[in-house]
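Subject: Structure handover

Hello,

Here is the structure for you to look over. My notes follow below it.

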Amino acid sequence: MTSPPVPCPCCAGTAWSDAIDKEGHRYVACDACGVVRLDPLPSAEEAGALYDEGYFTESTSGGYHDYLADEAIHRRNARRHLDRLERLGASPPRRLLEVGAAAGFLLDEARARGWEPVGVEIGPVAAHARDELGLTVHAELAAALRPDAPVDAVVMNQVLEHLTDPSATLEQVAEATAPGGVLTIETWDRHSAVARRLGDRWQQVTPPSVLWLFAGDDLRRLVESAGFEAVEVRVATKWVSVATVLGQSAGGSGVVRRIAGSRLGLVGLPYRLGDLVVVTARRR
């Protein structure tokens with residue numbers, strides 16, 4: 001039996017053409033708007049299974065050499081994200097939701113500022129947030145949403161490109177966000193100069209974990225169709241560890257592992273290649 005066509009989350013088109021072949025995986029592009037996706041898309045369960053212990057400790061599927069070891073860097077990035085939310089007028093004490101909370105460092109920083117934080121994370125790294133930091137982090141989005149208590153701010157960092165149905169997730173988030181509430185999304189821009197220049201060698205072309213490759217206009221359509229008003233899409237900077245850079249770009253040779261596991265591996269570097277973007281939006 002033939003599977004039904006996959007609708008594009010940005011324009012609802014159902015015609016797709018070959019775009020990228022890499023490591024035995026195929027990406028296709030929407031004929032109408034150009035959005036790129038992995039083909040076939042995995043089930044939600046199959047996609048979720050990729051974010052196992054190895055993703056956060058062995059760089060598998062484009063993950064991290066040692067996520068917990070990079071705590072200081074993650075917290076530095078978290079403070080920048082929270083500063084952005086507060087510049088947009090979202091301020092504690094209010095409810096903050098993070099989708100893709102990982103070990104809970106952003107949630108912990110938010111709590112310290114007076115926010116009421118709640119997170120969603122499917123990977124085992126969430127145990128750190130729950131057991132070590134005492135945070136509320138659910139395995140499913142529905143469990144984190146309370147109809148009687150809408151959230152006032154939502155953070156989705158490095159998440160959208162991994163979701164099997166990004167439009168449905170954004171709609172679910174919008175329903176749980178108070179009018180005027182703020183959404184920030186950090187993701188990658190396939191129209192950036194570095195992405196166009198590198199093609200299938202671009203670091204974000206990482207099957208099977210990266211399911212979608214978006215651009216600025218795609219992201220605007222996504223958030224607006226979900227019920228938000230796009231405020232801005234702009235190039236962003238984040239800090240990454242030497243270990244993460246080596247783990248994602250240089251493979252797992254013995255030399256790489258030794259450097260990544262040394263003090264040098266913990267050194268933070270500013271990532272400023274122009275392909276990382278932040279979308280800010282407000283609930284209508």
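What is the strand order in the open sheet of 4 strands? The order is S1-S2-S3-S9, and the pairing is antiparallel. Strands here are DSSP runs of E with at least two residues, helices are runs of H or I with at least four, and both are numbered from the N terminus. Two strands pair if DSSP finds at least two bridges between them.

Some ground rules. This is a predicted model, in which local features need pLDDT of at least 70 and side-chain atom pairs count only at pLDDT 80 or more, while totals for chains, interfaces and linings use all residues. Residues are numbered from 1 along each chain as its sequence is written, and side-chain values use heavy atoms, with hydrogens and water left out.

Strands S2 (residues 25–30) and S3 (residues 36–39) pair antiparallel over 4 bridges. Ala29 has Val36 in S3 as its bridge partner.

The loop between S1 and S2 holds Glu23. Its phi is positive, about 50 degrees, although Glu23 is not a glycine. Glu23 is exposed at 62% relative accessibility. The cut-offs: buried is under 20% relative accessible area, exposed is over 50%, and partly exposed is in between (1.4 Å probe, protein chains only). Ser61 also has a positive phi, near 55 degrees. Ser61 sits in the loop between helix H2 (53–57) and H3, and is partly exposed at 23%.

Two cis peptide bonds to check. One joins Asp39 and Pro40, with omega about 0 degrees; Pro40 is in the loop between S3 and helix H1 (44–48). Another runs from Pro92 to Pro93, with omega near 0 degrees; Pro93 is in the loop between H3 and S4.

Now strand S7 (residues 151–157). Of its 7 residues, 7 are buried, so S7 is largely enclosed by the rest of the structure. S7 runs parallel to strand S4 (residues 95–99), joined by 3 bridges. S7 also runs parallel to strand S8 (residues 177–188), joined by 6 bridges. Val155 in S7 is the bridge partner of Glu98, and Thr177 in S8 is that of Val151. Pro147 lies in the loop between helix H6 (141–144) and S7. Pro147 is exposed, at 85% relative accessible area.

On to the cores. A nonpolar core is a set of buried Ala, Val, Leu, Ile, Met, Phe, Trp, Tyr and Cys residues joined through side-chain atoms within 4.5 Å. The largest has 56 residues; Leu97, Met156 and Val223 are among those with the most contacts inside it. Strand S13 (residues 276–283) gives the largest share, 5 residues. A second, separate core has 27 residues, including Ala90 and Leu96.

Last, the lining of the largest cavity. A cavity is a set of points, on a 1 Å grid over the protein atoms alone, where a 1.4 Å probe fits but cannot get out; lining residues have an atom within 4 Å of a point. Here they are Asn77, Arg80, His81, Arg84, Glu186, Thr237 and Lys238. Helix H3 (residues 71–87) gives the most, with 4 residues.

Best wishes

Methods: On a 1 Å grid over the protein atoms alone, a cavity is a set of points where a 1.4 Å probe fits but cannot get out, and a pocket is an open set with protein on both sides within 12 Å along at least five of seven lines; lining residues have an atom within 4 Å of a point.
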